[in-house]
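Have the sequence and the 3D view open as you go through the topics.

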Amino acid sequence: MTQPASKTALVVGATGLIGNALTHRLLDSSAYEKVKVLVRHSLGWQHPRLQEIQYDFDHPNSLLIRADDIFCCLGTTMKKAGSREAFRKVDYHYPLDVAKQALVNQARQFLLVSSMGANPGSSIFYNRVKGELERDLTALHFPALLIFRPSLLLGDRKEYRLGERIGEGLMKLFNPLIPAKYKGVRAESVASAMCHKAQDDLSGTHIFESDQLQNY
């Protein structure tokens, strides 16, 4: 007889392109008894195993960061953030704060959506922040840290991002000529890869580049 699921998942950034797809996949999976999401505002839909947690990232509460597997899909853009400081707050400080609290509460896995080109020594601000987060998460020594580095994300966003729309169009046009590592990847594929890899019982730090996410 199949044992009932006993694990809990926590999704941070459930309203984004990957986070939304991931939340649905986790709820469709039989691996989790409960799926929690940290939100500022309600997702607007319900599920028997979904628990919404109203959360203020500027005033962290470690009592709310309790789960076996933490899926972090937080991210913004420079245009939306408005400044480098605001961008760093969302893409570096918030995920790192959640990770520290999750570790105190004995989370086993932290799964992060990072970015292709993440490098703490990069001259590109975006890539540098992503790399600094990866570096400092690794230093926390989670039992398992899984880092996913997608290239340009493909999918239907709620918000309009002109640069990404142009990039997506160019990706489709020149797709046959683009090396696999640099091809756009569907958000659904990234979400599926995260859901699957979370069940592999991995230990230590593992990085999955964009071309490894294409076929999920």
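Asp201 sits in the loop that links helix 6 to strand 9. Its phi is near 55 degrees, a positive value in a residue other than glycine. Please keep in mind that this is a predicted model. The points below take the loops, the sheet and the helices in turn.

**Loops**

- Asp201 counts as exposed because its relative accessibility is 58%, and exposed here requires a value over 50%.
- Gln106 is another residue with a positive phi that is not glycine, its value being near 70 degrees.
- The loop that holds Gln106 runs between helix 3 and strand 5.
- With a relative accessibility of 69%, Gln106 counts as exposed.

- An open sheet is built from 7 strands in the order 3-2-1-4-5-6-9, and their pairing is parallel.
- Strand 3 (50-54) and strand 9 (204-209) are the edge strands, each pairing on one side only.
- From one strand to the next, the twist averages 15 degrees.
- Strand 2 (residues 32-39) and strand 3 run parallel and are joined by 5 bridges.
- Opposite Gln54 in strand 3 you will find Val39.

- Helix 4 lies across strand 5 (109-113), strand 6 (144-149) and strand 9, and runs at about 175 degrees to strand 5.
- Two packed helices are described by the angle between their axes and the distance between the axes.
- For helix 3 (residues 84-104) and helix 4 (residues 125-138), the axes come within 10 Å and cross at roughly 15 degrees.
- Helix 3 is therefore roughly parallel to helix 4, since angles under 35 degrees count as such.
- The crossing of helix 3 past helix 4 is right-handed.
- On the helix 3 side, the contact is made by Arg84, Phe87, Arg88, Asp91, Tyr92, Pro95, Leu96 and Ala99.
- Helix 4 contributes Phe125, Tyr126, Arg128, Val129, Lys130, Glu132, Leu133, Asp136 and Leu137 to this contact.
- The residues in the contact of helix 3 with helix 4 comprise 10 nonpolar and 7 charged ones, with no polar ones.

**Helix 6**

- Helix 6 (residues 187-197) is mostly covered, with 9 of its 11 residues buried.
- The buried residues of helix 6 are Ala187, Ser189, Val190, Ala191, Ser192, Ala193, Met194, Cys195 and Lys197.

Key. Residues numbered from 1 in each chain as written. Predicted model: local features only at pLDDT ≥ 70, side-chain atom pairs only at ≥ 80, totals over all residues. Heavy atoms only, no water. Axes fitted to C-alpha atoms, helices over the stretch in contact; angles between N-to-C directions. Helix = DSSP H or I, 4+ residues; strand = E, 2+ residues; numbered from the N terminus. Parallel < 35°, antiparallel > 145°, perpendicular 65-115°, else oblique. Left-handed = near helix turned anticlockwise from the far one by under 90°. Contact = heavy atoms within 4.5 Å. Nonpolar A, V, L, I, M, F, W, Y, C, P; charged D, E, K, R; others polar. Pairing = 2+ DSSP bridges. Buried < 20%, exposed > 50% of the residue type's maximum accessible area, 1.4 Å probe, protein only.
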